[in-house]
Amino acid sequence: PKNIERYGVNYSENGLLGKLSRAVHWANAKIIYAALLLYYVLRNDAVTMADKSKIYGALGYFILPTDLILDIIPLAGYTDDMAAIMWAIHTVAKNITPEIKAKAKAKLGEWFDSYNEKKIDEVI
């Protein structure tokens, strides 16, 4: 979506964690991992406000229940969310440390019994 930062008003930590915990039932591990990466980058005080605003926008768009493609549509519902999240990851990649990746994978392991490690590592 154009001007993705404007979706930041939809972001809240509780909203994101609630959406992620519901999404594990129909979204794949890759989008959950990507969103978790952004979540953990947000928690880093060294990240600039400009980068945080991009993340807030992408995650706010992800949380929004009525976006370009409705999330309840099987398979297609998260394609626009993934595009927004991947755009944010690309723009803030310098902030994604091995520690952040480890935290995101640990949380992912709590929600998924198993996942394809190769697919997850494709995110970044």
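Mentor: Buried means under 20% relative accessible area. Keep that in mind as we look at this predicted model.

Trainee: Why is Tyr61 called buried?

Mentor: Tyr61 has a relative accessible area of 2%. The cut-off for buried is under 20%, so Tyr61 counts as buried.

Trainee: And what makes Tyr56 buried, partly exposed or exposed?

Mentor: The relative accessible area of Tyr56 is 29%. Partly exposed covers values between the buried limit of 20% and the exposed limit of 50%, so Tyr56 is partly exposed.

Trainee: Let's turn to the rings. How many aromatic pairs are there in the whole structure?

Mentor: A search finds three aromatic pairs. One of them joins Tyr7 and Tyr61.

Trainee: Why is the pair of Tyr7 and Tyr61 called edge-to-face?

Mentor: The ring centres are 4.9 Å apart and the planes stand at 80 degrees. Tyr7 is in the segment before helix H1 and Tyr61 in helix H3, 54 residues apart.

Trainee: What makes the pair of Tyr11 and Tyr56 tilted?

Mentor: Here the angle between the planes is 55 degrees, with 5.1 Å from centre to centre.

Trainee: Nice! Now Lys52: how do you know that Lys52 has no salt bridge?

Mentor: The nearest side chain of opposite charge, Asp45, is 4.6 Å away. A salt bridge needs the atoms within 4 Å, so Lys52 has none.

Terms used
Residues numbered from 1 in each chain as written. Predicted model: local features only at pLDDT ≥ 70, side-chain atom pairs only at ≥ 80, totals over all residues. Heavy atoms only, no water. Buried < 20%, exposed > 50% of the residue type's maximum accessible area, 1.4 Å probe, protein only. Lys, Arg positive; Asp, Glu negative; His and termini not counted. Phe/Tyr/Trp six-rings, centres within 6.5 Å; stacked < 30°, edge-to-face > 60°. Helix = DSSP H or I, 4+ residues; strand = E, 2+ residues; numbered from the N terminus.
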